[in-house]
Amino acid sequence: MSIDRLTNRPIDMPINIIEEKVYLNKRITPEEAIELFYSNDIFRLGRMASYATEKKNKKNVYFIHNRHINPTNICVNRCKFCAFSKDKGENGAYQLTLGEILEKARSAEKGVSEFHIVGGLHPDLPFEFYLEMLRALKKEFSHIHIQAFTAVEIDYFSRISALPHKETLLRLKEAGLGSLPGGGAEIFQANVRNAICEEKISGERWLEVMEAAHSIGLKSNATMLYGHIEGYEDRVAHMSSLRELQDRTGGFQAFIPLPFHPHNTRIKRRLKETTGMDDLKTLAISRIFLDNFDHIKAFWIMLGEKMAQVSLSFGVDDIDGTVVEEKITHAAGAKTSEELTKEEIINLIQKAGKVPVERDTLYNIIRMYEHEHSTV
């Protein structure tokens, strides 16, 4: 057994054995995924990930014309990693009225196909408020898909309404909910989760909510927050849980690895932002390992526009969307803008040698830009 001189870890298997499995379209094991994380051959990882994504999506890279709305930052959970949440009455705390939410929706540009809505767990708002919000949005914007409420929010609605998860989701779906985002997953492993968000529902509970959503025909995404106090083994265990659930339900659309932003958070350990090497490695291995997910998304708000563009050569096939107004990551010190125009996104994708594909939330193609040339 040889020793990796950079990590001092035993090398249990040569990377070429794992690489051969990838090119033979065979599923790699969690142990093999961990080996890939300890490899520093980033270009080799990129080639494997590019093969995996082009097998599924050719050279297509998807984006969506969407509008984010965060109804409130007041939250009964005060997760240590979160710089967005506030206590009621705290400086900077806010709660939008239904009228203000509708005004933000009306401010969306022509052509928006999705409202993306997540927020804090407000201590006073009843479940009916969220049902009324969905009904009001669907009444005025019947053509726009509503992707809203993380699994954490769904579980909270279940508690305040005294309804099971499935019934809670059915009520929301009837009111206009179209799909769920993937937030709130963070890291499933209990020791890490308890250190960064001990008040949040467990990883097992998060998975239960998503399974209930998939059982009634609601698609969702899945996320992973990395680069804080977790290790590579924690990341792979997290992805393994997602892969197992996807084998059962097929309800996940995209996996979105989210790099941790440490500013204004309450995690005591002094942390720096993730490196480009770690970001690309995590995205590439996600694509290689999650063979039953159709899409790997680079959330440009958290990665930065240029790193998101580079990630298109490391297994990524979705660059998210126009966003318009993003509050959660910027509260934690994100230096990116809060929106990109459709033309800017198209340009980023084309300059990476890929084909821009505007999609709706469910990955139905709205328009391909293979023969377009952006002047941005």
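A: Let us start with Thr 150, which is buried, with a relative accessible area of 11%; buried means under 20% relative accessible area, exposed over 50%, and partly exposed in between, using a 1.4 Å probe and protein chains only. The model is a predicted one, in which local features need pLDDT of at least 70 and side-chain atom pairs count only at pLDDT 80 or more, while totals for chains, interfaces and linings use all residues. Residues are numbered from 1 along each chain as its sequence is written, and side-chain values use heavy atoms, with hydrogens and water left out.

Q: Where does Thr 150 lie, and which residues does it touch?
A: Thr 150 sits in the loop between strand 6 (145-148) and helix 6 (151-161), where helices (H or I, at least four residues) and strands (E, at least two) are DSSP runs numbered from the N terminus. A contact means heavy atoms within 4.5 Å. Not counting residues up to four places away in sequence, Thr 150 touches Val 118, Pro 181, Gly 183 and Gly 184.

Q: How many helices and strands are in the chain, and what share of its residues is buried?
A: The chain has 15 helices and 13 strands, and buried residues make up 60% of its 376 residues. Among contacts with a separation of 6 or more, 74% are between residues 24 or more positions apart.

Q: What is a nonpolar core, and which residues touch the most other members of the largest one?
A: In soluble globular proteins, nonpolar side chains tend to be buried together. A nonpolar core is a set of buried Ala, Val, Leu, Ile, Met, Phe, Trp, Tyr and Cys residues joined through side-chain atoms within 4.5 Å. Here the largest core has 104 residues, of which Phe 115, Phe 149 and Trp 206 touch the most other members. Helix 5 gives the largest share of this core, 7 residues. A second, separate core of 5 residues includes Tyr 62, Ala 254, Val 355 and Val 357.

Q: How do helix 4 and helix 5 cross?
A: Axes are lines fitted to C-alpha atoms, for helices over the stretch in contact, and angles run from 0 to 180 degrees between N-to-C directions. The axes of helix 4 (residues 98-106) and helix 5 (residues 127-140) come within 10 Å and cross at roughly 35°. On the side of helix 4 the contact is made by Leu 98, Ile 101, Leu 102, Ala 105 and Arg 106, and on the side of helix 5 by Phe 129, Glu 132, Met 133, Ala 136, Leu 137 and Glu 140.

Q: Why is helix 2 said to be largely enclosed?
A: Helix 2 (residues 30-38) is largely enclosed by the rest of the structure because 7 of its 9 residues are buried. Among them are Ile 34, Leu 36 and Phe 37, together with Glu 32 and Glu 35.

Q: What is the phi of Lys 58, and what is that of Ala 162?
A: Most residues other than glycine have a negative phi. Lys 58, however, has a positive phi of about 55° although it is not a glycine, and Ala 162 likewise has a positive phi, near 60°. Lys 58 is found in the loop between helix 3 (42-57) and strand 3 (60-64) and is exposed, with a relative accessible area of 63%. Ala 162 lies in the loop between helix 6 and helix 7 (165-175) and is exposed, with a relative accessible area of 69%.
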